[in-house]
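Below is a briefing on selected features of one protein model, grouped by topic.

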Amino acid sequence: MVVARFAPSPTGYLHVGGARTALFNWLLARQTGGTFILRIEDTDQKRNTPTAIGQVMDDLRWLGIQWDEGPDVGGPNGPYLQSQRRDIYDKYIKKLIDEKKAYYCFDTPEELDALRKEAQDQRRNFIYPRPKDFPDAKDAEQARTEGRAVTVRFAVPQDKPIVVQDIVRGEVTFATSEISDFIIQKSDGFPTYNFACVVDDYLMKVTHIIRGQEHLNNTPGQQALWEALGFGELPKYAHMSVTVSETGGKLSKRERPKSLCEAIKARPDIDLEKLAEVGNITLEEVNSFLDGQTTPDMPSIDAMAEYLGIVLPEVNVVDFFKSGYLPETMVNFLALLGASPGGDREIMSVDELTKSFDLSRLTKANSLFDRGKLLAFNTEHIRTVSEEKLLRHFKDYLKAIESPVASADDEALSKLLEINTGARTLAQIEQKSKFLFIASEEIEYDEKAVKKVLLKNDGLAVLATVHDKLAAMEQFTVENIENMLRSLAEEREVGLGKVAQPLRVAICGTTISAPIFDSVEMLGKENTLARIDITLKKFGTETQGERS
RNA sequence: GGCCCCAUCGUCUAGGUAGGUCUAGGACACCGGGUUUUCAACCCGGCAACAGGGGUUCGAAUCCCCUUGGGGCUACCA
């Protein structure tokens, strides 16, 4: 019976790297009919955001990743929040201390830093100097009353090299002399990740641990702990390749601030004071951010980016949601990043991915998160998901971005989805349809579009003709609109574009929109004529002089 | 600096664990052409890789070693 788990620390929204880890564990559990656990590693009081747990769970749900045991659903081996398992960890820590397998430490950060610097200077790895005699509980108590910080370190057995049997890497050997006695209990009484993780994986009967390669170096220590605690058979490990970004290095949450910082620097004319105001931070904070000293909070980053009209690269699952990607796309893409079902298959459903998932087929080399390919996947999934699913996703999306299109009923929304086949993202569909749902007076006319389409080639004259023909139309149907425009083009011996484009600009303000016949029909006769009137009035006088 | 991992088209990858069937396949991107009411989408065609050097072998993308290059970790973060 397979038991897999995803164990995020709740520091904010779920990012794609975390989502991939969760997905692989979930895929394995689903394929084997095993259990998938969601465990929250909230042992760092400083880093936890109270809302983060909910955000992570929302993101997983959006992806369709359901957990069998977790903070909200419970389970036989709860609680699933590490912060609620303090007594359990304390018990095991006491056991290790009693057995002389762990010991108290009283070092100050300064002392530790000095030791590390010394090691660095001597060109060797930092190894904590284990005391000959371990301090006892009384020493610890006294240190505490003196106000000194007390931590507990695990005495890593030095007898034999530690071999990690990794499903993707094979046998990886670590010399124990390279593994420093690490802290298992912090001075605030919380366990460290390396300790809590081992205890929980044992208690929750986890059989498979799939995680990022960044944890490979933690594994020998965790194995030693597992053994010292007498936990018996080790779980199976699989350390996945890391997902890297175009800018180099691990794809992380730093991506967005970094990208914004570069964008600001690339535009020296920016009013930094105004920027600070928009981001709701001080000018000093902006400068510090530009110097790489500090990083403002995400809402500030987003606000500043929006103000500057910069699109930041998506890194969190919600970012992709708000950019109009489908969960099916994300699951498919992430499942194939650093893994392959073999052969030429790429666009796959969750069922297919589950069936074909194979831990032994994980790639060893790091892979780059290719947004272009993701877009292609999204295009394909938008084309192939069922109408009902697409409609549901579209409604969720519109609601999330607070689009005026959200006011449309299901019928209109379905129509939009239908006429916009070939769209790459839901965002594109929204952008090309938005004009149908805003007031005629609020249409913004794109300067280039007006110049190119209306003020040239008799654009306005054509538009006036179109207006009259539409006004005379009794049945305002897609078919009639199309016939009218086509015959008008024929009459004038020009391409359809010459008559369709002026109309397009008149009703939506730009040269880009959903297909014109359907758009006009959806807008309705009254609105269409009104918009043409507005356009004619607005740009009509300008043409007089320009016509020669 | 130390330890660990990795290396096929620009990118994701197939092929590697059983060396010959690989003049290295697919997809994305890119380039050219077609289609077209805009943007897309779609159709056809093209470009493009076994990091380098040594071995082992009749034969190596595939096995071994070195070099180079990338990545990770090196916290009282996870």
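A crossing is called left-handed if the near helix is turned anticlockwise from the far one by less than a right angle, and right-handed if clockwise. Helices (H or I, at least four residues) and strands (E, at least two) are DSSP runs, numbered from the N terminus. The model is predicted: local features need pLDDT of at least 70, side-chain atom pairs count only at pLDDT 80 or more, and totals for chains, interfaces and linings use all residues. Residues are numbered from 1 along each chain as its sequence is written, and side-chain values use heavy atoms, with hydrogens and water left out.

**Helix pair α19 and α22**

- In a left-handed crossing, α19 passes α22.
- Helix α19 covers residues 447-454 and helix α22 residues 496-508; they pack at an angle of about 150°, with their axes 9 Å apart. Axes are lines fitted to C-alpha atoms, for helices over the stretch in contact, and angles run from 0 to 180 degrees between N-to-C directions.
- The angle therefore makes α19 roughly antiparallel to α22 (over 145 degrees; under 35 is roughly parallel, 65 to 115 roughly perpendicular and the rest oblique).
- From α19, A449, V450, V453 and L454 meet Q501, P502 and V505 of α22, where contact means heavy atoms within 4.5 Å.
- The residues of this contact divide into 6 nonpolar, 1 polar and no charged (Ala, Val, Leu, Ile, Met, Phe, Trp, Tyr, Cys and Pro are nonpolar, Asp, Glu, Lys and Arg charged, and the others, Gly among them, polar).

**Sheet β3-β4-β7**

- Three strands in the order β3-β4-β7 form an open sheet with antiparallel pairing; two strands pair if DSSP finds at least two bridges between them.
- β3 and β7 (183-185) stand at the edges with a single partner strand each, so one side of each has no neighbour in the sheet.
- Direction ignored, neighbouring strands of this sheet are turned by 45° against each other on average.
- Strand β4 (residues 151-154) pairs with β3 in the antiparallel sense over 4 bridges.
- Within this pairing, Y103 stands opposite R153, and Y104 opposite V152.
- In β3 (residues 102-105), A102 and Y104 point one way and Y103 and C105 the other, and all are buried (under 20% relative accessible area; exposed is over 50%, partly exposed in between, with a 1.4 Å probe and protein chains only).

**Loop residue E233**

- E233 is found in the loop between α7 (219-228) and β9 (236-240).
- E233 is exposed, with a relative accessible area of 69%.
- The C-alpha atoms of E233 and T207 are separated by 9.4 Å, and the two residues are 26 residues apart along the chain.

How values were computed. Chains lettered and ligands numbered in written order.
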